[in-house]
Amino acid sequence: MADIEAVEFIWKNGALVPWAEATTHVLSHSLHYGSGVFEGIRCYQDPDTKKSFVFRLRDHMARLHRSCKIAMIDLPYTVDELCDATVEVIRANKLPACYIRPLVYRGYGVMGVDPADAPIDVVIAVWPWDAYLGDDALSKGVSVGISSWRQRSNNAIPPSVKATASYMNSILAKLEAKAHGYAEAIMLNEVGLVCEGTGENLFMVRDGVLSTPPLSDGLLEGITRDTVLCLADDLNIPALEESLTRSDLYIADELFMTGSAAELTPIGSVDEREIGPRGPITQALQERFFEVVHGKVEAYTDWLTEV
């Protein structure tokens, strides 16, 4: 985790706005009812060429549109317009690398559960952000605990919506994990199968095979998750989607979490059961991932938007 570092501009409703002026009313609908959707994206700078690339920008903005559709939010910008706005705000802030937070929320105008007449506000904020779980997490890994909080079901808040409301579960699980001395939590679904972390998908390695829970078990359709499955195919690492139990995690050879913020973060222990340091498959996928996001793999340049 890290504090937000203020930059010069935020893109809001079609225009660049000075950082300190990008405000909203305290009676905005989404602040009271969690009726917003968002994305988390990263822009990377290649240390050799100094070129900057946003990773899978169109895929993120397409998912934002899908979230809005499910949440019945009329998003007034196309995928192309949102991609262009992202490049614009990164350039305006002169950031070689950054984290990107698009947010669509229902603004000020109505109160009550019915949001139909609330205006729609759209912002894209960018700021410098390094390793999500700490400077050493990508190499040394983190300790995690199975949370007592269950992830919401497919027919509660749909996991295919990256909604602000969904993250109350994540907040409760994260605070519980920290209170128990863990860096992160893993949540099970309502039938007790492994679901996801508080903001990450999960992968396990056992006997040379890479496994991840299927979307039907109630997890977000992660873009980094999809990336890892593609890279595993490239590296001839057997990979499959299968339901996992907490006991499967205890006896894993390797474990890691994925997400735009977490990237590929190894897990060193689960509920005090030692998994060990970053394993060879995790390391191979991690190295390939960073080659891709820095523009060094020709086959994946269509995933990159140059800034």
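I began with the lining of the second largest cavity, which I sorted into five nonpolar, three polar and two charged residues. In this sorting, Ala, Val, Leu, Ile, Met, Phe, Trp, Tyr, Cys and Pro are nonpolar, Asp, Glu, Lys and Arg charged, and the others, Gly among them, polar. The model is predicted: local features need pLDDT of at least 70 and side-chain atom pairs 80 or more, while totals for chains, interfaces and linings use all residues. Residues are numbered from 1 along each chain, and side-chain values use heavy atoms, without hydrogens and water.

I noted two cavities of 30 Å³ or more. A cavity is a set of points, on a 1 Å grid over the protein atoms alone, where a 1.4 Å probe fits but cannot get out; lining residues have an atom within 4 Å of a point. A volume is the space filled by probe spheres set on the points, which are joined across faces, edges and corners.

The second largest cavity holds about 30 Å³, and its lining includes Glu254, Pro266 and Arg278.

For the largest cavity I recorded about 40 Å³. Its lining includes Ile41, Phe55, His60 and Thr224. Strand 4 (residues 41-45) gives the largest share, three residues; strands (E, at least two residues) and helices (H or I, at least four) are DSSP runs, numbered from the N terminus.

I then turned to helix 6 (residues 223-234). Thr224 is among its buried residues, as are Ile223 and Leu231; buried means under 20% relative accessible area with a 1.4 Å probe, protein chains only. After the helix I found asparagine 236, whose phi is positive, near 60°.

Notes: 1 Å grid on protein atoms, 1.4 Å probe; cavity = no way out; pocket = protein on both sides within 12 Å on 5 of 7 lines; lining within 4 Å. Buried < 20%, exposed > 50% of the residue type's maximum accessible area, 1.4 Å probe, protein only.
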